[in-house]
Amino acid sequence: MLSSMVKEHMIKQSAAKESQESKRKEACAAASQLTQALVDHLNVGVAQAYLNQKRLDAEAKQLHASSANFAKQTQQWLNIVELFSSALKELGDVENWAKTIEGDVRLITNALENVYKNSQESSSTQ
């Protein structure tokens, strides 16, 4: 009887160990699945952040290239405007020079006319 009780106790203990071992394995598997699900969930966010960062970097490079191109065009426009301004100043200088020459020529012409008239008058009075 005692040996049968010990045997029965051993069988129950063995069954409890097997049950406990299967529950431990199930708990480990569930914990592993939970961990994998959490990692996958975090990886999706990290992957999305990486893709966003990569896209932002590409757009930043494109913006930098566009702004450099715009700066180059702006400098060209400034050079063209400066050349145009210089050409206008030169035209103004030429116009002023032409007016001065015209005034001098009129002054000389008037002086010559006066001299001619005076010489005509003095030759006719003699």
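A salt bridge joins Arg106 to Glu102, with the closest N and O atoms 2.7 Å apart; the term denotes a side-chain nitrogen of Lys or Arg within 4 Å of a carboxyl oxygen of Asp or Glu. The model is a predicted one, in which local features need pLDDT of at least 70 and side-chain atom pairs count only at pLDDT 80 or more, whereas totals for chains, interfaces and linings use all residues. Residues are numbered from 1 along each chain as its sequence is written, and side-chain values use heavy atoms, with hydrogens and water left out.

Arg106 and Glu102 both belong to helix H1, where 4 residues, about one turn of the helix, lie between their positions. Helices (H or I, at least four residues) and strands (E, at least two) are taken as DSSP runs and numbered from the N terminus. Arg106 is exposed, with a relative accessible area of 53%, while Glu102 counts as partly exposed at 39%. For these classes, buried means under 20% relative accessible area, exposed over 50%, and partly exposed in between (1.4 Å probe, protein chains only).

In total, the count comes to 4 salt bridges. One of them links the side chains of Glu8 and Lys12, at 3.7 Å from N to O. Glu8 and Lys12 are separated by about one helical turn, because they stand 4 residues apart in helix H1. With a relative accessibility of 56%, Lys12 falls in the exposed class, whereas Glu8, at 45%, is partly exposed. Another salt bridge is formed by Glu21 and Arg24, whose closest N and O atoms are 2.4 Å apart. Here the two residues are 3 positions apart in helix H1, so about one helical turn separates Glu21 and Arg24. Both are partly exposed: Glu21 has a relative accessible area of 33%, and Arg24 reaches 44%.

The secondary structure of the protein chain consists of 1 helix and 0 strands. The radius of gyration of the protein chain is 53 Å, well over the 14 Å that the globule rule gives for 126 residues, so the chain is more spread out than a compact globule. This radius is taken over C-alpha atoms, and the rule is 2.2 Å times the number of residues to the power 0.38. Helix H1 spans residues 2-125. Along the principal axes, the C-alpha atoms of the chain fill a box of roughly 185 × 10 × 10 Å. Within the chain, the C-alpha atoms of Glu8 and Asn52 are separated by 65 Å, the two residues being 44 residues apart along the sequence.

Of the 126 residues, 0% count as buried. The accessible surface of the protein chain amounts to about 11700 Å², and carbon and sulfur atoms account for 63% of it. Accessible areas come from the Shrake-Rupley method with a 1.4 Å probe; for residues, only the protein chains shown count as cover. A nonpolar surface patch of about 600 Å² is made by Met1, Leu2, Met5, Val6 and Met10. Patches consist of residues with over 30% relative accessible area and no salt bridge, like charges being joined within 9 Å and nonpolar side chains (Val, Leu, Ile, Met, Phe, Trp, Tyr) within 5 Å. Leu2, a member of this patch, is found in helix H1 and is exposed at 63% relative accessibility.

The structure holds 1 aromatic pair. Phe70 and Trp77 form this pair in an edge-to-face arrangement, with 6.4 Å from centre to centre and 85 degrees between the planes. Rings of Phe, Tyr and Trp (its six-membered ring) pair if their centres lie within 6.5 Å; planes under 30 degrees apart count as stacked, over 60 as edge-to-face and the rest as tilted.
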